Amino acid sequence: MRLDRARAQLQRLEDLLLALLLTAMILLATSQILMRNLWDYSLAWGDPTLRLMVLWITLLGAMAATRDNNHIRIDLLTRYLPESAGRIARRLTDGFTALVCALLAWHSARFVLFEYEDGSRFLDLLPIWPFQLVMPVGFSIIALRLLLSSFTGHPRQREAG
């Protein structure tokens with residue numbers, strides 16, 4: 001019961017972050033376009049910030065898609081397999097994908113560590129590495145969700161089968 005409530009709150013937090021970030025990104029991009037076209041001016045920090053926002057949107061969106069089992073699948077084979085074999089194939093695919101995401105988490109963590117050690121800055125003001133932590137954290141969460149799904153099946157799969 002308590003675990004279900006915590007899971008629901010985390011889901012709402014993920015969705016809220018995604019919605020706020022997407023709204024801010026749309027507003028900033030629109031502002032940049034309007035300022036460039038109308039006044040031949042743009043915010044110096046606008047484009048680098050938009051690039052970081054795209055990174056965050058991408059990983060938060062991938063986390064939400066994996067959470068809801070709406071991520072991209074190449075499931076041509078499972079469409080033609082019997083249901084029980086299709087379930088096994090999906091679990092094997094989830095396990096393999098979890099391994100790939102775990103490797104991405106590991107190497108993105110190494111990348112963030114290199115950025116930390118190098119002292120790279122965002123807009124010459126702030127260290128860049130905290131903004132890049134979304135990569136190892138996001139890929140780790142995706143890997144964990146896929147690993148759990150490979151053992152237990154996704155909730156939608158359990159309900160259907």
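Is Ser 120 buried or exposed? Ser 120 counts as buried, at 18% relative accessibility, where buried means under 20% relative accessible area, exposed over 50% and partly exposed in between (1.4 Å probe, protein chains only).

A quick word on the ground rules. This is a predicted model, so local features need pLDDT of at least 70 and side-chain atom pairs count only at pLDDT 80 or more, while totals for chains, interfaces and linings use all residues. Residues are numbered from 1 along each chain as its sequence is written, and side-chain values use heavy atoms, with hydrogens and water left out.

Back to Ser 120, then. It sits in the loop between α4 and β1 (121-122); helices (H or I, at least four residues) and strands (E, at least two) are DSSP runs, numbered from the N terminus. The side chain of Ser 120 meets that of Glu 115 in a polar contact of 2.5 Å. (A polar contact is a pair of N or O atoms within 3.5 Å; within protein, one must be able to donate a hydrogen and the other to accept it, and residues adjacent in sequence count only if both atoms are side-chain atoms.) If you skip residues up to four places away in sequence, Ser 120 touches Glu 115, Leu 126, Pro 127 and Ile 128, with contact meaning heavy atoms within 4.5 Å.

Glu 115 belongs to helix α4 and is buried too, with a relative accessible area of 16%. Leaving out neighbours within four places in sequence, Glu 115 is in contact with Ser 120, Ile 128, Trp 129 and Gln 132.

Now for the rings. Rings of Phe, Tyr and Trp (its six-membered ring) pair if their centres lie within 6.5 Å; planes under 30 degrees apart count as stacked, over 60 as edge-to-face and the rest as tilted. By that rule there are 2 aromatic pairs.

| Pair | Centre to centre | Angle between planes | Type |
|---|---|---|---|
| Tyr 116 and Trp 129 | 5.3 Å | 90 degrees | edge-to-face |
| Phe 122 and Phe 131 | 5.2 Å | 50 degrees | tilted |

Tyr 116 lies in helix α4 and Trp 129 in helix α5 (residues 129-132), so their pair ties together parts that are 13 residues apart in sequence. Tyr 116 is partly exposed at 49% relative accessibility, and Trp 129 is partly exposed at 28%. In the other pair, Phe 122 is buried at 11%, whereas Phe 131 is partly exposed at 27%.

Most residues other than glycine have a negative phi. Asp 40, though not a glycine, has a positive phi of about 55 degrees; it is in the loop between α1 (2-39) and α2 and is exposed, at 71%. Asp 124 has a positive phi of about 60 degrees, lies in the loop between β1 and β2 (126-127) and is exposed, at 70%.
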